[in-house]
Amino acid sequence: MTESAVKKIAVFTSGGDAPGMNAALRAVVRTANHFNVECFGVWEGYNGLIKGEFIKMGPRSVKNIINKGGTILKSARSLEFKTKEGRQKAFENCQKAGIDGLVCIGGDGTFTGATIFNEEFGIKTIGIPGTIDNDIFGSDNTIGYDTALNTAMDAIDKIRDTATSHNRVFFVEVMGRDAGFIALNSGIAAGALDILIPERKDSIDDLFDTFDAAQKAGKSSSIVVVAECEKLGNIYGLAEATKNRFPDYDIRVAILGHIQRGGSPSCADRVLASRLGYGAVVGLMEGRTNVMAGLQANKLVFTPFREAIKKHNNINEDLLRISEILAI
Ligand code: F6P
């Protein structure tokens with residue numbers, strides 16, 4: 001490799017934590033060490049940049065974290081960084097510490113901040129997609145998504161036990177913000193009767209038709225997976241409408257919530273995080289900036305932040321169709 005474009009980099013985790021962020025941090029720190037690039041960790045995302053909280057990191061600072069959920073650097077959704085004054089302070093702190101490159105691990109909010117920061121002050125920024133939502137373009141999967149999927153699937157499996165025992169209908173809400181990837185894939189894996197996602201125009205009549213068909217087919221219990229930003233209505237409203245239409249149904253609602261963000265990262269997330277952590281440091285050394293490292297078709301690619309935030313991976317239409325066919 002020709003001479004590195006960066007000598008001293010800082011890495012931070014920002015936005016909602018995701019399993020595998022620690023594995024990504026480990027990969028960044030150890031890759032930097034391998035190539036003799038100095039590396040600092042920043043406490044609590046952009047807030048740490050504003051406060052100047054940099055911690056020198058070496059290979060031993062990231063020992064025993066590859067298997068840990070959450071983020072040892074802590075995370076935040078910084079309001080101060082949204083202001084020009086906040087970003088000015090952050091830049092001055094970077095200058096004081098001699099930081100010439102930033103590795104930002106997070107989701108679209110994190111990358112929006114990084115883009116503005118780069119455009120205002122010219123500091124090199126590179127992103128690693130860390131969010132359970134999988135709502136970032138430029139990587140087939142985001143770090144944390146696979147683990148969250150498995151957590152949701154395990155939880156729905158448990159709900160199935162009690163649903164079956166009592167002949168109940170369960171509405172289960174999963175996370176994902178505006179994206180239905182967790183709902184669709186965990187729903188298929190857990191054998192849901194129906195899956196409601198914001199990307200598709202769902203109708204209450206279709207849902208009721210599905211219940212009718214299930215009844216005719218002799219199903220005695222069912223699970224409907226609902227994405228948290230489903231447009232048809234909130235989960236309690238959907239459960240109530242269903243009860244009005246099918247008064248005999250014994251209906252329960254379960255909101256899985258933040259358990260989907262926790263836990264030890266899956267093998268797929270650890271490997272993804274390791275590859276992207278390595279890729280981000282190499283990208284910065286090659287002089288790349290304002291881009292996100294991602295894996296597409298198993299290859300490392302760099303996507304401009306603006307594209308990564310604006311575009312979306314499409315929901316797989318085949319999966320939607322398969323989920324309908326297999327439900328009954
Ligand atoms: O982006 C990750 C995510 O867990 C979303 O799925 C969810 O909508 C949101 O964060 C919850 O945010 P918070 O932890 O701030 O409540």
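What we have here is a predicted model, in which local features need pLDDT of at least 70 and side-chain atom pairs count only at pLDDT 80 or more, while totals for chains, interfaces and linings use all residues. Residues are numbered from 1 along each chain as its sequence is written, and side-chain values use heavy atoms, with hydrogens and water left out.

With that word in hand, take Glu-317, which is exposed, with a relative accessible area of 57%. Glu-317 belongs to helix 11 (residues 317-327), where helices are DSSP runs of H or I with at least four residues, strands are runs of E with at least two, and both are numbered from the N terminus. Although Glu-317 and Arg-200 are 117 residues apart along the chain, their C-alpha atoms are separated by 9.9 Å.

A cavity is a set of points on a 1 Å grid, over the protein atoms alone, where a 1.4 Å probe fits but cannot get out, whereas a pocket is an open set with protein on both sides within 12 Å along at least five of seven lines; lining residues have an atom within 4 Å of a point. The search of the whole structure gives one cavity of 30 Å³ or more, and the largest cavity has a volume of about 40 Å³, a volume being the space filled by probe spheres set on the points, which are joined across faces, edges and corners. Its lining consists of Leu-193, Asp-194, Ile-195, Arg-200, Ser-323 and Glu-324, and strand 7 and helix 11 are the elements that give two or more residues to that lining.

Let me turn to the overall layout. The chain is divided into domain 1 (8-144 + 265-310) and domain 2 (146-261), with bounds that come from an automatic or database domain assignment. Their centres, taken over C-alpha atoms, are separated by 34 Å, and 14 residues of domain 1 are in contact, meaning heavy atoms within 4.5 Å, with 11 residues of domain 2.

Which domains contribute to the lining of the largest pocket? Domain 1 and domain 2 each supply at least three residues. This pocket has a volume of about 610 Å³ and is lined by 29 residues, with Gly-15, Arg-77, Asp-108, Gly-109 and Arg-177 lying nearest its centre. Helix 4 (residues 108-121) gives the most to this lining, namely six residues.

Next, helix 8 (residues 235-245), whose buried residues are Ile-235, Leu-238, Ala-239 and Thr-242. These residues cover an arc of only 100° around the axis, and therefore sit on the same side of helix 8; the arc is that of the directions from the helix axis to the C-beta atoms. On the face turned away from that buried side we find the exposed residues Tyr-236, Glu-240 and Asn-244. The buried residues pack against several elements, including helix 7 (204-216) and strand 8 (222-227).

Finally, a word on backbone angles. Most residues other than glycine have a negative phi. Lys-74, however, has a positive phi of about 65°; it lies in the loop between strand 3 (54-56) and helix 3 (84-97) and is partly exposed, at 43% relative accessibility. Asn-167 also has a positive phi, near 55°, and is found in the loop between helix 5 (145-166) and strand 6.

Key: Buried < 20%, exposed > 50% of the residue type's maximum accessible area, 1.4 Å probe, protein only.
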